[in-house]
Amino acid sequence: MVSVKNLTVYAKNQRVLDAISCTLVPGRITCFMGKSGAGKTTLLKSLVQLIPIAAGEITINDRTAHALSPQERATMIGYVFQQFNLFSNLTVLENCIDPLIVKGVARADALAKAKEILEKLGMREYADSYPSALSGGQQQRVAIARALCLQPQVLLLDEPTASLDPINTDILIALLRTLLIDGLIIGVSSQDMDFVRKIFDRVYYLESGRITEFCDGLGNLDNCPALRAFL
Amino acid sequence: MNALITYTFLFVHGIAVTAAAWIVASCVSMLVGTVFGMLSCRYSAWPSLGGAIGVYTFVTKGIPAYVQILIAYFIIPSLLGIQIPGFVAATGALAFCSSGYVTEIVRAGINAVPAGQWDACAVLGYSFSATMGRIIMPQALANMAPALFGECEQLLKSTSLLATIGITELTRTGMNIISRELNPVPVYVAIACIYLLFSALLNIALRCVEGRFNGQR
């Protein structure tokens, strides 16, 4: 489980996250919703230490996140960027094996792992393509594959549907549900109402850097007026 | 016939001196400029070095190469009380001068790589050296290859400044021959053609390097 307690983050002397507390649990999709600038992306980025935190504590399966080395953290948390950020100088297959090689995995083992995951995500036939030759949906699957190659316990996706059409959004939802079967902890930031309605599981609603509502399951939406109004 | 053989030998010697100065100065300049460019880029692991490197580039770019050669050949040996061979002093001065430009080219090339590539390396647990060596520099090289080759070409032409302290590189060799034969046209045409040949080789190398990046963007 990922546990966030009183997380406070400043950017350019502005408080962008204000004492946020939340949890992400295995086998569930935890979604962070809110308008632009609410702090969703900042929250996810602070979980992987891309943004320094001013106060608060993040624990991942009872280990303090800030005590982890970059390599340990990368192995525990996979992160999929809104713009995917695939390495443009590497092919799809190289994008997947390179983090494993940097981690110290033998090239043959890394290749086998990457091919297995690309196969699972339906991207095996694009292994030798460069990211620039792929569509947005394909790039996203490669980004997910790259993150999964390190076998993380947590997968975070920042605005995963921002550049996807409805068909690719449905493919993504099916993929996320498949990954849940393995007990992965999934965290998603989104302001795509259709996407959130379809995957509705555990939803935090953020407003101006604060969590104002938490809704566990679509059936409890009546108790969450802001979220209901947003959806 | 004897004169032709003698002049051919002199030209070959001049070309060899020019090529040696060019290759040595280019290698030193690229090495120093690449290291300084990496250290002074936006995401440097040692941001405090940025100011010192800024002063270095300001000095190297601000003083003409000719003046730097004169300082290296006349001033530094007298200050240190040592003898520096003319070739070493002049080649070192050219490398020093060029390294400032290479630093700026490399720094700009690295800074042009999207920030997302650095973020991706960070979340995947890459060290600074792995980030630079495996992801950033290969992409930056695509950005900066034309400018780096341009700097190499500039350096090639600057080797003619070695003549000013009496080193018989290509241009000086030609001038010596002209002073004997009093027939400058064929000699200057030959010198110009040799420099053009070097430039053509550089341009072919640039096309090959750029070809390697096709399909990545």
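This is a predicted model: local features need pLDDT of at least 70, side-chain atom pairs count only at pLDDT 80 or more; totals for chains, interfaces and linings use all residues.
Close-up 1. Setting aside neighbours within four places in sequence, V203(A) makes contact with C31(A), M33(A), V196(A), C215(A) and L227(A). You'll find V203(A) in strand β9 of chain A, which covers residues 202-207. Is this residue buried or exposed? V203(A) is buried, since 26 other C-beta atoms lie within 10 Å, and the cut-off for buried is 20 or more. For a sense of scale, look across to V102(A): it sits 101 residues away from V203(A) along the chain, and their C-alpha atoms are 35 Å apart.

**Close-up 2. Where chain B touches chain A.** Here, 17 residues of chain B are in contact with 19 residues of chain A. On the chain B side, the elements giving two or more residues are α5 (115-123) and α6 (128-158). The largest share, six residues, belongs to α5(B).

**Close-up 3. Helix α7 of chain B, residues 170-181.** With twelve residues at 1.5 Å each, α7(B) should span 16 Å, and the 17 Å between its end C-alpha atoms agrees with that. Which residues of α7(B) are buried? They are L170(B), T171(B), T173(B), G174(B) and I177(B). Looking down the axis of α7(B), these buried residues fall within an arc of 160 degrees, so they line one face of the helix. In an α-helix, residues three or four places apart point the same way, because there are 3.6 residues a turn. Over on the other side of α7(B), S179(B) and R180(B) are exposed.

Note on methods. Residues are numbered from 1 along each chain as its sequence is written. Chains are lettered from A and ligands numbered from 1 in the order in which they are written. Two residues are in contact if their C-beta atoms, placed from the backbone, lie within 7 Å. Helices (H or I, at least four residues) and strands (E, at least two) are DSSP runs, numbered from the N terminus. A residue is buried if 20 or more other C-beta atoms lie within 10 Å of its own, exposed if 12 or fewer, and partly exposed in between; C-beta atoms are placed from the backbone. The expected span of a helix is 1.5 Å times one less than its number of residues. The arc is that of the directions from the helix axis to the C-beta atoms.
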